[in-house]
Amino acid sequence: MTMSVILKPEAVRVLSSASSKKRLLHEIGGIAEQAYGIDQSAVIEALHERESLGPTGVGKGVALPHARVDGLDQVVGALVLLDTPIDFDAVDRQPVDLAFALFAPREAGVEHLKALALVSRTLRDASICAKLRANHDPATLYTIVTEAQAVQAA
């Protein structure tokens, strides 16, 4: 599994309008609908449902919201850089400015976990996060995360 299989370039955004966790999840739903044709309201509902089990803010300004959604045949994702960090109920209580959302088919088993591990491993790298935060061009952000995996594998 590679980042370029999970993430389409058109699913990478820089947002200035997300002022809360709820608003960010709504924006992510819109990105999922535009990039992958997934029903926005279903995505939002699934993300909120998952967040009710426990926040997906993993610390150091990073959140990994994820959910199982009908209508998918593979795991896909969306990467969002926020101009202004927001409260995401993260484990370290730090505001979040990087969110990588994953959407998996309802039946996805190990593939969902592999994708989550890949994204988590990538965004635990402080140098990758610093590069992402230093750039506000979606194409550059896409390149950073997709090339990060190749560098880590080398």
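Trainee: How many bridges join strand S1 to S5, and do they run parallel or antiparallel?
Mentor: Five bridges join S1 (residues 7-15) to S5, and the two run parallel. Strands here are DSSP runs of E with at least two residues, helices are runs of H or I with at least four, and both are numbered from the N terminus. Two strands pair if DSSP finds at least two bridges between them.
Trainee: Which residue in S5 is the bridge partner of valine 14?
Mentor: That's leucine 81.
Trainee: Before I go on, where does the model come from?
Mentor: It's predicted: local features need pLDDT of at least 70, side-chain atom pairs count only at pLDDT 80 or more, and totals for chains, interfaces and linings use all residues. Residues are numbered from 1 along each chain as its sequence is written, and side-chain values use heavy atoms, with hydrogens and water left out.
Trainee: OK, back to S5. How many bridges join S5 to S6?
Mentor: Seven, and those strands run antiparallel. Valine 80, for instance, has alanine 99 in S6 as its bridge partner.
Trainee: How many residues of S5 are buried?
Mentor: Eight of the eleven in S5 (residues 76-86). Buried means under 20% relative accessible area, exposed over 50%, and partly exposed in between, with a 1.4 Å probe and protein chains only.
Trainee: Switching to H3, which residues are buried there?
Mentor: Gln40, Val43, Ile44, Ala46, Leu47 and Glu51. They sit on the same side of H3, because they cover an arc of only 165° around the axis, going by the directions from the helix axis to the C-beta atoms.
Trainee: And which exposed residues does the face turned away carry?
Mentor: Glu45, Glu49, Ser52 and Leu53.
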